[in-house]
Amino acid sequence: MAITTSTQRVVPFFNYPSVFRSYKVQFMQAFSEIGERGAFIMQQDMCRFEKSLAEFIGVPFALGVGNATDGLHFAVRGAGISTGDEVIVSSHTMIATAAAVHFAGATPIPVDCGSDHLIDPAAVESAVTNRTRAIMPTQLNGRTCNMDALQAIANRHGLVILEDAAQGLGSKFKGRSAGTFGEGAAISFYPAKVLGCLGDGGAVTTNSPEMRDRVYQMRDHGRNENGEVASWGLNSRLDNLQAAFLDFQLKDYPNVISRRRAIAKLYDDRLRDVAEVVLPPAPGADDDHFDIYQNYEIEAESRDELKQYLRDAGIGTLIQWGGQPVHQMKVLGFTQDLPYTDRLFTRALMLPMNMSLSDEDVNYVCDVLRMFYGYPQ
Ligand SMILES: *Cc1c(COP(=O)(O)O)cnc(C)c1O
């Protein structure tokens with residue numbers, strides 16, 4: 001294929017070595033220092049990170065866990081949800097959200113999302129039954145849901161809110177951070193997340209002392225502060241090393257968010273006039289939302305052809321969840337019919353959004369996308 005735009009580049013969707021390389025000196029220092037101390041499991045570094053994280057988002061409690069999937073599961077269990085209960089989730093989420101509910105013995109009920117790709121409050125309202133116990137919104141793509149609308153539904157029906165904030169660290173609704181609404185929330189530190197560690201990691205955040213105590217025990221064999229077994233538990237602790245890796249990155253996190261918002265602004269400036277694509281809300285598009293752009297998920301006409309065209313030009317893109325929203329996973333027993341989400345998944349595509357991108361890279365992606373639809377550079 002002939003690319004006649006600015007010189008051909010290679011723009012991978014995500015650059016995993018860069019997770020290590022961008023803080024290599026600090027990683028090596030932390031590794032050596034903690035290794036020499038022999039401080040591998042639940043040591044001061046994990047406690048320090050839990051404190052930094054709780055302060056950063058504005059909750060009294062944050063607990064390091066092995067990954068966000070476990071964290072969500074603990075939050076569901078910690079809220080007392082079990083057999084016979086239903087929890088409403090967005091179909092546009094990772095299967096992990098639904099699995100967290102399933103393994104508590106309860107039934108995840110996927111519903112449609114709205115035009116911003118986040119769970120649609122009207123769809124939530126219509127899915128409420130007399131078995132519904134909780135709403136578990138996903139703060140998708142680094143954007144926090146309209147929590148006022150969800151809270152109003154929760155209040156009307158006596159439901160609990162649990163947040164899947166795996167993609168939401170630092171994003172806000174009306175000045176309040178994802179992970180601070182509701183009974184409990186989980187955040188992921190998977191390497192490709194905005195705050196990523198060198199492996200798996202996660203945290204549960206909560207305002208509730210009871211939830212904090214339950215998760216504290218569940219992640220560590222049911223043991224309380226005195227090391228006594230006080231309840232049934234599992235083993236899902238945030239590695240002390242990973243916590244140290246995360247703690248120094250969290251200090252730089254506001255700069256990371258600024259850069260990602262700048263990239264989103266650049267995409268928006270360069271692609272807004274392309275009628276064949278629908279862009280995510282631009283940074284500052286409304287006063288209620290502060291988005292951190294975990295992903296830059298567009299809707300595109302002729303999505304598959306565009307994806308191939310970009311690939312031929314050296315640009316990596318991704319369709320979220322391998323192209324399958326939760327309700328389409330019939331093998332897991334889902335029977336819902338969600339036409340809006342079905343259509344969205346024929347159109348959704350994530351453009352590169354990461355800290356390795358230069359402005360030239362973003363401009364190149366925009367040049368090639370414009371060329372595909374026949375727009376001038
Ligand atoms: C990444 C992710 C998870 C799972 O996080 P892990 O830390 O990998 O378990 C759950 N939900 C959403 C929306 C995610 O993006």
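This is a predicted model: local features need pLDDT of at least 70, side-chain atom pairs count only at pLDDT 80 or more; totals for chains, interfaces and linings use all residues.
Local features here need pLDDT of at least 70, and side-chain atom pairs count only at pLDDT 80 or more, while totals for chains, interfaces and linings use all residues. Residues are numbered from 1 along each chain as its sequence is written, and side-chain values use heavy atoms, with hydrogens and water left out.

**Who touches the ligand**
- Polar contacts are pairs of N or O atoms within 3.5 Å.
- A polar backbone atom of A68 is 2.8 Å from an oxygen atom of the ligand.
- D164 uses its side chain: an N or O atom there is 2.7 Å from a nitrogen atom of the ligand.
- K193 has a polar side-chain atom 3.0 Å from a ligand oxygen atom.
- Of the 380 Å² of accessible area that the ligand has on its own (Shrake-Rupley method, 1.4 Å probe), the protein covers 94%.

**What the shell is made of**

**The whole chain**
- The chain has 13 helices (DSSP runs of H or I, at least four residues) and 13 strands (runs of E, at least two).
- Its radius of gyration, taken over C-alpha atoms, is 21 Å, close to the 21 Å from the globule rule (2.2 Å times the number of residues to the power 0.38) for 377 residues, so the chain is as compact as a globular protein of that length.

Definitions and conventions
A polar contact is a pair of N or O atoms within 3.5 Å; within protein, one must be able to donate a hydrogen and the other to accept it, and residues adjacent in sequence count only if both atoms are side-chain atoms.
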